[in-house]
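Subject: Structure for you to look at

Hello,

Here is the structure I promised you. Please open it and keep it beside this email as you read.

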Amino acid sequence: MWRSPKRTVLVGLTILLVGTAGAAAGTDRPNVIFILADDLGYGDLGSYGQRVIRTPSLDRMAAEGIRFTHFYAGATVCAPSRSVLMTGQHTGRTHVRGNARGTAQSLREEDVTVAEVLKSAGYATGLFGKWGLGEVGMEGHPLSQGFDAFYGYLNQVHAHNYYPEFLWRGLEKVSLRNTVERTPRPYGGFEGGWATERYEYSHDLIMQEALAWVEEQKDAPFFLYLALTIPHANNEATRAVGDGAEVPEYGVYDAEDWPNPDKGQAAMITRMDRDVGTLLRRLGELGIAEKTLVMFSSDNGPHNESNHDLLRFNPSGNLRGIKRDLYDGGIRVPFLAWWPGTIQPGQVSDHIGYFGDLMATVAELVDVEAPLNIDSISFAPTLRGRAGDQRTHDYLYWEFYEAGSSQAVRLRQWKGVRRPMLTGRLELYDVLRDEGERYDVARNHPEVVEEIAEIMEEAHVPHPNWSPPGR
């Protein structure tokens, strides 16, 4: 079994030395940057059909790289999606399967992350933005999960507020000049809130730190996990003042005859787009663009939590549902890959993949073994233009524990959705002919329904923290 350095010092040291030597000798091991937006919908980018919000930098990234049309998040809400991304295990097996509190939302010492795998290959590893998988004193803290550097939010409720009183740098709490009005939470724990005095916008600080870190690492292989909070709503601000779209200015949308939450939602996405463009330009200025694979995606489907108008922006595009749905609007996400000199421009891929595939992909790219016991297929052949060598999944699987629970499976052209988990009636959709999952064809294909039901039973591994209703 693959072991990370933190678990077996001798084995880990051997892997580290071998990986470092290989990284130094190899010329085709890229730097890896994974940019993760928060609650950005499949239809929120111009390259995916958005007609109102301006995203020129990401649209250019799509034009210069690969735009994936059938790529899926790890889950339909934040924490489990990020757990899938980091561990390469789907939500039927990863440790964090829902938004929760305490150790239920913390990775464990035995969990192996993408950062640990890349660190074993001699990569510097940095996380900037929102973690959500373990806090100070927990086994899941990013510095205990393979990251050398961290700046941002540990707690996802804390991350609601774009003008917080502090952020974390490693284990250090860094005070900011903002003043926050807090709201009591019925279950206790960390309080959310909204700023009454706004001086320092967290997204801007996170981008500054990430860009500075990239410059420091330019001469050595590095992995940057840039987990942005945009365009997640400040839920506490929405409840208190009716507007959860926190942004310093509305920019090009200031003159629009829209409610402020709509202006804020659009401005947040365009601000993020601007900063992605800045990062890509910086890679060119540093002379490392051709050595760097950049991926961009979102942790789940779009939200409706900042009091903005979904009809104005149509963030799910033609897909059904939003965040907290297991229909494709809740889990199919934009996914872009950019690697000048390796990825040929202007590609559109219908490869069916998901967040869990990052693990096998980076392991192949840096020539180390991936951990055992993962649900991950490398899409490196697609990135390198070798579509004929690209393996495909037998199926993709999701489970969700809110709103009575649900399960979903993507099996070839079929999509099965069951509510509640394991016991509900199984709906079936042909998502190639019916992208919006409008027509349930379960009666017409009983053999496919049976196959998907068996997958749902097989893929769900019982966990003491996550119990389906009635089990």
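The side chains of R97 and E399 form a salt bridge, with N and O 3.3 Å apart. The two residues come from distant parts of the chain. R97 sits in the loop between α3 and α4, while E399 belongs to strand β13 (residues 396-400). They are 302 residues apart. Keep in mind that this is a predicted model.

Is R97 buried or exposed? It is buried, because its relative accessible area is 2% and the cut-off for buried is under 20%. E399 is buried as well, also with a relative accessible area of 2%.

The structure holds 32 salt bridges. Side chains of opposite charge can pair when their charged atoms come close. Here are two further pairs.

- E165 and R182: the closest N and O atoms are 2.8 Å apart. This pair also links distant parts of the chain, 17 residues apart. E165 lies in the loop between β4 and β5, and R182 in strand β7 (residues 179-182). E165 is partly exposed at 28% relative accessibility. R182 is partly exposed too, at 34%.
- R282 and E285: their salt bridge spans 3.3 Å from N to O. Both residues are in helix α7 (residues 260-285). They are about one helical turn from each other, because three residues separate their positions. R282 counts as partly exposed at 21% relative accessibility, whereas E285 counts as exposed at 60%.

Some salt bridges share partners, and these join D39, E305, K323, R324 and E402 into one network.

Now the sheet. Ten strands form an open sheet with mixed pairing. The order is β6-β5-β4-β3-β9-β1-β10-β11-β2-β12. From one strand to the next, the twist averages 15°.

Look at β1 (31-37) next. Seven of its seven residues are buried, so the rest of the structure largely encloses this strand. In a regular strand the side chains alternate between the two faces of the sheet. In β1, N31, I33, I35 and A37 point one way, and V32, F34 and L36 point the other way. β1 pairs in the parallel sense with strand β10 (residues 292-298) over seven bridges. It also pairs in the parallel sense with β9, over five bridges. L36 stands opposite S297 in β10 and opposite A227 in β9.

An antiparallel pair is found elsewhere in the sheet. Strand β2 (residues 66-72) and strand β11 (residues 335-338) pair that way over three bridges. There, I66 stands opposite A337.

Two helices deserve a look. Helix α5 (residues 202-216) lies across β3, β4, β5 and β9, and runs at about 175° to β9. Helix α3 (residues 78-87) is mostly covered, with ten of its ten residues buried. Its cover includes β1, α4, β3, β9, β12 and α10. After α3 comes G88, whose phi is positive, near 75°.

Last, the surface. V136, L143 and L171 make a nonpolar patch of about 250 Å². L171 is in the loop between β5 (166-169) and β6 (172-175). L171 is exposed, because its relative accessible area is 57% and the cut-off for exposed is over 50%.

Best wishes

Terms used: Residues are numbered from 1 along each chain as its sequence is written. This is a predicted model: local features need pLDDT of at least 70, side-chain atom pairs count only at pLDDT 80 or more; totals for chains, interfaces and linings use all residues. Side-chain values use heavy atoms; hydrogens and water are left out. Patches are made of residues with over 30% relative accessible area and no salt bridge: like charges are joined within 9 Å, nonpolar side chains (Val, Leu, Ile, Met, Phe, Trp, Tyr) within 5 Å. Accessible areas come from the Shrake-Rupley method with a 1.4 Å probe; for residues, only the protein chains shown count as cover. A salt bridge is a side-chain nitrogen of Lys or Arg within 4 Å of a carboxyl oxygen of Asp or Glu. Helices (H or I, at least four residues) and strands (E, at least two) are DSSP runs, numbered from the N terminus. Buried means under 20% relative accessible area, exposed over 50%, partly exposed in between (1.4 Å probe, protein chains only). Two strands pair if DSSP finds at least two bridges between them. Axes are lines fitted to C-alpha atoms, for helices over the stretch in contact, and angles run from 0 to 180 degrees between N-to-C directions. Contact means heavy atoms within 4.5 Å.
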